[in-house]
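Hi,

Here is the structure I promised to pass on.

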Amino acid sequence: MMTSSGNESLRHLADCQTPEFGAVSVHGATCTDDGCLCDTVNLKVTAGGEQKALTLTADGTLLDDELRPAEDRWGGVVRAASQAPGFQEGFDTLVTQRRAQVLEAMGRLEGAFEVQLPESLLGEGADLERDILGRVELDGQRYAWRIELCADPGCECENLFLVVWLPGEPKRAVFAITADGRWMVEQAGNAALTMDAVEGALVATEAFQALLGQMRVERILQKYHRSLRGPSVV
């Protein structure tokens, strides 16, 4: 995520007169870092003769130039400007433009979206034909596991879902793993498949962490692709 610089092409978003902040002017630009996955918009905001560089995320979070929550005053300025005609349309256009840039840079813009995982990231005993990304030993038995993306086309979460099962048995445990690494039980499995047992066996391995990281990238790309192309194959 990068903040605005003078070299970026700025799009005019709003000019308005406010009782509290006087004349307000807002311009925006997308991040230009091809190695970044953000879809934020960098703002150049002028209010009462003072100028400020801010970052506005797609979900409406306003950050300062050090990516900390912006001061209340500047939050008020941007809220006032966001009511001006054309602001939301311009902001949405920049978000869409940025998402397309990210997908194009990753070679994922065209066609239906499909999860792409390098073989080097697959766990021991992986069998993609059976949707198995790896295996783990628990209580003396070898369990299969895979990681799924959120299946709700209307959801913007970045949770991943770890599915663990004993091949040949129908009962499966499902654990949600949040973007900040918290685990939650979504569906209980058999007695051996407790959250502590599964998390303890997998989280300590670098390979599992690397695969989680790649799946988080896939989830971000899936959301961007869906916003541009609509629901597609996963």
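**Salt bridges and rings**

Let's start with D64 and R68, whose side chains form a salt bridge with N and O 3.3 Å apart; the term means a side-chain nitrogen of Lys or Arg within 4 Å of a carboxyl oxygen of Asp or Glu. D64 is buried at 10% relative accessible area, while R68 is partly exposed at 46% (buried is under 20% relative accessible area, exposed over 50%, partly exposed in between, with a 1.4 Å probe and protein chains only).

Before you read on: this is a predicted model, where local features need pLDDT of at least 70 and side-chain atom pairs count only at pLDDT 80 or more, while totals for chains, interfaces and linings use all residues. Residues are numbered from 1 along each chain as its sequence is written, and side-chain values use heavy atoms, with hydrogens and water left out.

Next comes K223, which makes a salt bridge with E156 at 4.0 Å between the closest N and O atoms. K223 sits in helix α4 (residues 206–229) and E156 in the loop between β7 (141–149) and β8 (160–165), so this pair links distant parts of the chain, 67 residues apart (helices, H or I with at least four residues, and strands, E with at least two, are DSSP runs numbered from the N terminus). K223 is buried at 10%, and E156 is partly exposed at 47%. Back at D64 and R68, salt bridges with shared partners join these two and E66 into one network.

E50 and R73 also meet in a salt bridge, 3.5 Å from N to O. Because E50 belongs to strand β4 (residues 50–56) and R73 to helix α1 (residues 72–82), the pair ties together parts 23 residues apart in sequence. The salt bridge count comes to 12.

R73 turns up again over the face of W74, 4.8 Å from the ring centre (a charge counts as over a ring if NZ of Lys or CZ of Arg is within 6 Å of the ring centre and within 35 degrees of the ring normal). Likewise, the charged end of R172 sits over the ring of W165, 4.2 Å from its centre.

On to the aromatic pairs: the whole structure has three (rings of Phe, Tyr and Trp, the last by its six-membered ring, with centres within 6.5 Å; planes under 30 degrees apart are stacked, over 60 edge-to-face, the rest tilted). One of them is W145 with F208, edge-to-face at 5.3 Å between centres and 80° between planes. Both residues, W145 and F208, are buried.

Cheers
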